[in-house]
Amino acid sequence: MKNQIKRILIFQYILGVTYLIGTSFWDIAFIPSALVGCVAALVPKTYFSIRMLRETDNNNATQWLGYAYRSEIGKWVITSAILVLAFTSGYPWDPVVLFAGFVLIQVSGWFAPIVTKGS
């Protein structure tokens with residue numbers, strides 16, 4: 001399971017970098033918005049993954065589920081904090097580019113079975 005989680009994270013980071021490169025070809029002014037969108041998704045996912053990697057050997061389902069719920073709440077708090085900081089900073093973000101990067105990383109989790117196939 002640990003290798004699968006790491007592969008998914010690496011895939012998502014590569015996807016985020018690809019998105020940043022793509023937006024830089026489109027318009028260089030969109031890079032900050034694209035970066036914040038990807039960071040707002042990747043940082044919380046990394047936090048959640050690191051916390052869950054610690055518990056992969058825990059065989060107590062009740063404890064593991066409680067840990068997963070607390071980690072998920074932490075993930076939402078981090079995501080909210082990043083987005084609140086971004087939109088209250090006064091910088092003229094492009095919300096379409098920002099949320100496109102955010103959604104791209106979120107939706108990439110749907111491809112996890114393809115990425116982890118053979119692990």
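1. Contacts of Gln12. In this predicted model, and setting aside residues up to four places away in sequence, Gln12 touches Leu42, Lys45, Ile105, Ser108 and Gly109. Gln12 itself sits in helix α1, which covers residues 2–26. With a relative accessible area of 2%, Gln12 is buried, since the cut-off for that class is under 20%.

2. Polar partners of Gln12. The side chain of Gln12 makes a polar contact with the side chain of Ser108 at 3.0 Å, and a polar atom of the Gln12 side chain lies 3.4 Å from the backbone oxygen of Ile105. A reader inspecting this site would therefore be looking at a glutamine that is buried, at 2% relative accessible area, and whose side chain has a polar atom 3.4 Å from the backbone oxygen of Ile105 as well as a polar contact with Ser108.

3. Which residues form a nonpolar patch on the surface? The patch is formed by Val17, Ile21 and Phe25, and together these residues have about 330 Å² of accessible area. Val17 lies in helix α1, the helix in which Gln12 is also found. Val17 is partly exposed, with a relative accessible area of 45%, whereas Gln12 is buried.

4. Aromatic pairs, Trp26 and Phe30. The count of aromatic pairs comes to three. In one of them, the rings of Trp26 and Phe30 have their centres 5.0 Å apart and their planes at 55°, so the pair is classed as tilted. The two residues fall into separate accessibility classes: Trp26 counts as exposed at 63% relative accessibility, while Phe30 counts as buried at 17%.

5. Aromatic pairs, Phe87 and Phe99. The rings of Phe87 and Phe99 have their centres 5.8 Å apart and their planes at 15°, so this pair is stacked. Because Phe87 lies in helix α3 (residues 61–88) and Phe99 lies in helix α4 (residues 95–107), the pair ties together parts that are 12 residues apart in sequence. Phe87 is partly exposed, with a relative accessible area of 39%, and Phe99 likewise counts as partly exposed, at 35% relative accessibility.

6. Thr79. Is Thr79 buried or exposed? Thr79 is buried, with a relative accessible area of 7%, and it is found in helix α3, the helix that also holds Phe87. Leaving aside neighbours within four places in sequence, Thr79 is in contact with Ala40, Pro44 and Phe102.

7. Overall architecture. The secondary structure comes to five helices and zero strands, and from the N terminus on the elements run α-α-α-α-α. Along its principal axes, the C-alpha trace spans about 50 × 35 × 15 Å.

8. Burial and surface. Buried residues make up 36% of the 119 residues in the protein, and both Gln12 and Thr79 belong to that class. The protein exposes about 7,400 Å², of which carbon and sulfur atoms supply 71%.

Notes:
Residues numbered from 1 in each chain as written. Predicted model: local features only at pLDDT ≥ 70, side-chain atom pairs only at ≥ 80, totals over all residues. Heavy atoms only, no water. Helix = DSSP H or I, 4+ residues; strand = E, 2+ residues; numbered from the N terminus. Buried < 20%, exposed > 50% of the residue type's maximum accessible area, 1.4 Å probe, protein only. Polar contact = N/O pair within 3.5 Å; in protein donor to acceptor, adjacent residues only side chain to side chain. Contact = heavy atoms within 4.5 Å. Patch = residues over 30% accessible without salt bridge, like charges linked within 9 Å, V, L, I, M, F, W, Y side chains within 5 Å. Areas by Shrake-Rupley, 256 points an atom, 1.4 Å probe, with all protein chains shown as cover. Salt bridge = Lys/Arg side-chain N within 4 Å of Asp/Glu carboxyl O. Phe/Tyr/Trp six-rings, centres within 6.5 Å; stacked < 30°, edge-to-face > 60°.
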